[in-house]
Amino acid sequence: MPRSPGSFTVLTYHRVGDAGSGPPGIVSCSPEQFERQMAWLGRSGRAVPLEALLRARREGEPPPRGSVLVTFDDAYADFRDEAW
């Protein structure tokens with residue numbers, strides 16, 4: 001699907017843990033999967049901080065092409081232990 005100018009992707013993780021580490025259906029990925037995904041984002045140069053997206057919006061500029069913002073829903077301990 002073609003992207004409209006100025007669009008960006010938001011990856012939202014709920015939990016980073018192994019299957020069975022919490023209530024069913026709320027684990028976004030395993031720690032190993034998360035590490036691979038973040039390594040790819042780092043190599044690709046697509047990950048952008050929220051401030052960069054807000055600044056682009058304020059200045060009326062589009063965000064960098066292919067931008068990806070990573071966010072976390074809730075504050076489970078695995079965010080601190082696995083993702084951070």
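## Ser30 and its contacts

Setting aside neighbours within four places in sequence, Ser30 is in contact with Val16, Gly17 and Asp18. This is a predicted model, so treat what follows as a look at computed coordinates. Ser30 sits in the loop that runs between strand 1 (9–13) and helix 1 (31–44). Is Ser30 buried or exposed? Its relative accessible area is 15%, and because anything under 20% counts as buried, Ser30 goes down as buried.

Not counting residues up to four places away in sequence, Val16 touches Ser30 and Pro31, along with Cys29, Phe34, Phe72, Asp78, Glu82 and Ala83.

Which residues make up the largest nonpolar core? There are five: Val16 itself, plus Tyr13, Cys29, Phe34 and Ala83. For background, nonpolar side chains in soluble globular proteins tend to be buried together.

## The aromatic cluster

Searching the whole structure gives five aromatic pairs. One of them joins Phe72 and Phe79: the ring centres are 4.5 Å apart and the planes meet at 55°, so this pair counts as tilted. Zooming out, ring pairs tie Tyr13, Phe34, Phe72, Phe79 and Trp84 into a cluster.

How exposed are the two rings of that tilted pair? Phe72 has a relative accessible area of 28%, which makes Phe72 partly exposed. Phe79 is partly exposed too, at 26%. Tyr13 and Phe34, also in the cluster, belong to the largest nonpolar core.

Note on methods: Residues numbered from 1 in each chain as written. Predicted model: local features only at pLDDT ≥ 70, side-chain atom pairs only at ≥ 80, totals over all residues. Heavy atoms only, no water. Core = buried A, V, L, I, M, F, W, Y, C linked by side-chain atoms within 4.5 Å. Buried < 20%, exposed > 50% of the residue type's maximum accessible area, 1.4 Å probe, protein only. Contact = heavy atoms within 4.5 Å. Phe/Tyr/Trp six-rings, centres within 6.5 Å; stacked < 30°, edge-to-face > 60°. Helix = DSSP H or I, 4+ residues; strand = E, 2+ residues; numbered from the N terminus.
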